[in-house]
Amino acid sequence: MADDERVFPDTNTLYPYYICDLLLRCDIEGLFEIRWSEDLLAELLRVPPRSGRKSAASVERLCQAIREVFPEREVPRAAYQHLIDDMPGSDPDDRVHSAAAVAGEATVLLTRDRAGFPHEPLLLWGVRATNVDEFLCELFDRYPDDLGRVLDEQVAGLVRSRLSHRQLLDALGVNAPLFADRVRAHASTS
């Protein structure tokens, strides 16, 4: 189903949990293929626990799940180490992620930090930097029924929080408001 779209997420797009869960479920559904690196997971292990967003144990479980479910999608450091110094941007972590995206043949790099991933220079490497909201809207435009099914499965899988479909869209809407509005509008016309 996926039109060979490969996505490398910046660490800041893997929390809150609802966004990360949706992205991983979309990969499993075949809407795109995720790429990841141990550098990405190492940063993920540092950032959310430090900010109090998630416990270190819960983030470690997420990282382990990514390793187990998507082992063939890992971009090993040896594949991109030589690219890091050539990547645009001033943040060392961002350059590492850009290099991993290039080496992993990602077509999209998801981030909230557009300044850290300059659009034009990355395009020269074949990678388009965009935010989660824009990307999910594009995905929904291409696969509305499939993405609707993924959202239904996500709601069904939220056993602990027991969020309704509306509540999940509200939670997703904090970081992806256009996407949440688009899904709501589609549901009201269906």
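Reader: Which residues in H9 meet which residues in H10?

Author: This is a predicted model, so read every value as computed from it. On the H9 side, the contact takes in His 165, Leu 169, Asp 170, Leu 172 and Gly 173. Facing them in H10 are Pro 177, Phe 179, Ala 180, Val 183 and Arg 184. By class, the residues of this contact are 6 nonpolar, 2 polar and 2 charged.

Reader: At what angle do H9 and H10 pack?

Author: Helix H9 spans residues 165-173 and helix H10 spans residues 177-189. They pack at about 155 degrees, and their axes lie 7 Å apart. An angle over 145 degrees counts as roughly antiparallel. H9 is therefore roughly antiparallel to H10.

Reader: How do H8 and H9 cross?

Author: Their axes cross at roughly 105 degrees and come within 10 Å. The range for roughly perpendicular is 65 to 115 degrees. H8 and H9 are therefore roughly perpendicular to each other. Leu 151, Asp 152, Gln 154 and Val 155 are the H8 residues in this contact. They meet His 165, Leu 168, Leu 169 and Leu 172 in H9. The contact has 5 nonpolar, 2 polar and 1 charged residues.

Reader: How many salt bridges does the whole structure have?

Author: The search finds 19. Take the one between the side chains of Glu 29 and Arg 149, at 2.7 Å from N to O. Glu 29 lies in helix H1 and Arg 149 in helix H8 (residues 144-157), so this pair ties together parts 120 residues apart in sequence.

Reader: Now the empty space. What shows where it is left?

Author: Rolling a probe the size of a water molecule over the atoms shows it. Start with the largest pocket here, which has a volume of about 430 Å³. Its lining has 18 residues. Nearest the centre of that pocket lie Tyr 17, Lys 54, Ser 58, Arg 61 and Arg 160.

Reader: Which helices each supply at least two residues of that lining?

Author: Helix H1 (17-29), helix H2 (38-51) and helix H3 (56-69) each do. By class, the lining of the largest pocket has 10 nonpolar, 3 polar and 5 charged residues.

Reader: How many cavities of 30 Å³ or more are there?

Author: The count is 1. The largest cavity has a volume of about 40 Å³. Pro 9, Leu 14, Leu 24, Ile 34, Arg 35, Trp 36, Leu 40, Leu 41, Ile 66 and Phe 70 line it. That lining divides into 9 nonpolar, no polar and 1 charged.

Reader: Last, the backbone. Which peptide bond is cis, the one from Tyr 15 to Pro 16 or another?

Author: Begin with the general idea. Most peptide bonds are trans, and most residues other than glycine have a negative phi. Here the bond from Tyr 15 to Pro 16 is cis, with omega near 5 degrees. Pro 16 sits in the loop between strand S1 (6-9) and H1.

Reader: And what is the phi of Glu 105?

Author: Glu 105 has a positive phi of about 55 degrees, although it is not a glycine. Look for Glu 105 in the loop between helix H5 (92-103) and strand S3 (108-110).

Notes
Residues are numbered from 1 along each chain as its sequence is written. This is a predicted model: local features need pLDDT of at least 70, side-chain atom pairs count only at pLDDT 80 or more; totals for chains, interfaces and linings use all residues. Side-chain values use heavy atoms; hydrogens and water are left out. Axes are lines fitted to C-alpha atoms, for helices over the stretch in contact, and angles run from 0 to 180 degrees between N-to-C directions. Helices (H or I, at least four residues) and strands (E, at least two) are DSSP runs, numbered from the N terminus. Angles under 35 degrees count as roughly parallel, over 145 as roughly antiparallel, 65 to 115 as roughly perpendicular and the rest as oblique. Contact means heavy atoms within 4.5 Å. Ala, Val, Leu, Ile, Met, Phe, Trp, Tyr, Cys and Pro count as nonpolar, Asp, Glu, Lys and Arg as charged, and the others, Gly among them, as polar. On a 1 Å grid over the protein atoms alone, a cavity is a set of points where a 1.4 Å probe fits but cannot get out, and a pocket is an open set with protein on both sides within 12 Å along at least five of seven lines; lining residues have an atom within 4 Å of a point. Grid points are joined across faces, edges and corners, and a volume is the space filled by probe spheres set on the points. A salt bridge is a side-chain nitrogen of Lys or Arg within 4 Å of a carboxyl oxygen of Asp or Glu.
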